[in-house]
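Dear colleague,

I am handing over the structure we spoke about, with my notes below it. Please read the notes with the sequence and the coordinates open beside you.

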Amino acid sequence: AAGTMATEQIVNLKNGDAEATIYLHGATVTSWKIKGNEQLFVSEASKLDGSSHIMGGVPIVFPKFADWGGPDRPFHGFARITRWSLKNKSDNSATFELVDSELTRSYWNYQFKLEYTVNIDGNALRSCLSIQNPSKSENMPFEILYHTFIRVPDVRNITISGLKGLKYNDKTRNFDEFVENRDLVQIQGMTDSVYRSTPDVHLITNAVGGKTIELKKSGLPDLVVWNPWSEASKTFTDLKPYDWKDYVCTEAGSVVKQIVIGPGQNYVATQILTVL
Ligand code: TA6
């Protein structure tokens, strides 16, 4: 009933061999299992009590990526540190909602409504976010990104397809621009690259059980690839020293150019992860 819903912290989904867990805090998917095998990474050092963002799973970055005005404005936006409300739930699907409040308007003075549906079906985890601008007169500019932590046995063995020939900005090298010349990107050191206008499908090999994960996206032109490696890991209080080996972040987003939607308009950003 409504009373129990308000105090609920997590939502569990189940569909045949697939299971998922979503925290209302940030509407962050923290677990996605196929036949009991966990596909997402969440750090054991992550706070799960709502005092900070969840370090792992699939946090939602909105309305801004990275730093957007110092300590007064939360890094990677406020969606991942705000409690969402559960609107609908079935065995294999749940829909969450976040609307503007006095607090969100203090960071970012726009009216908005986000509707987020997470669905598990076979070997796929489907995340669909509808971003709505209820204003009668104002345009709404925003950035959006799924900060997905893919669990892997050893990040040094994975490859990511679909990036060759694309421009990217490298945050580990002064945010300078480069062109990717590798057919398959590997992680061989600290990596923090923002690739623009990438294809709608990327394959990540050597994920859990040696399987390949397909990341399929729409409404999300960019892909950020992040792994802190050993040195930088130490600067994160919500990562354990060796966590970096166990995940790669492949983050589908629109972060290079802002999306602008007019009054009454709606934008849909979808990510589908499939274990092949
Ligand atoms: O998306 C990549 C990134 O922005 C990195 O630059 C790195 O700092 C990371 O996200 C983690 O940030 P967080 O605020 O989640 O600790």
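Lys-234 counts as exposed because it has 11 C-beta neighbours inside 10 Å (a residue is exposed if 12 or fewer other C-beta atoms, placed from the backbone, lie within 10 Å of its own, buried if 20 or more do, and partly exposed in between). Lys-234 is found in the loop between α3 (229-233) and β20 (247-261), where helices (H or I, at least four residues) and strands (E, at least two) are DSSP runs numbered from the N terminus.

Please keep in mind that this is a predicted model, in which local features need pLDDT of at least 70 and side-chain atom pairs count only at pLDDT 80 or more, while totals for chains, interfaces and linings use all residues. Residues are numbered from 1 along each chain as its sequence is written. The mean pLDDT of the chain (the predictor's confidence in each residue, from 0 to 100) is 96, with 97% of its residues at 70 or more, and the predictor gives the complex an ipTM of 0.95 and a pTM of 0.96.

Leu-114 lies 120 residues from Lys-234 in sequence and 34 Å from it in space, C-alpha to C-alpha. β8 pairs in the antiparallel sense with β7 (residues 93-99) over 7 bridges (two strands pair if DSSP finds at least two bridges between them), and Glu-115 in β8 stands opposite Glu-97. β8 also runs antiparallel to β9 (residues 124-132), to which 9 bridges join it; these two strands form a hairpin with 2 residues between them, and Gly-122 in the turn has a positive phi of about 60°.

The ligand is surrounded by a shell of residues (C-beta atom, placed from the backbone, within 6 Å) that includes His-53, His-76, His-147, Lys-171, Asp-192, Trp-226 and Glu-251.

Leaving aside residues up to four places away in sequence, Val-248 touches Ile-150, Val-152, Val-155, Ile-158, Ile-187, Ile-204 and Asn-227, a contact being C-beta atoms, placed from the backbone, within 7 Å.

Methods. Two residues are in contact if their C-beta atoms, placed from the backbone, lie within 7 Å.
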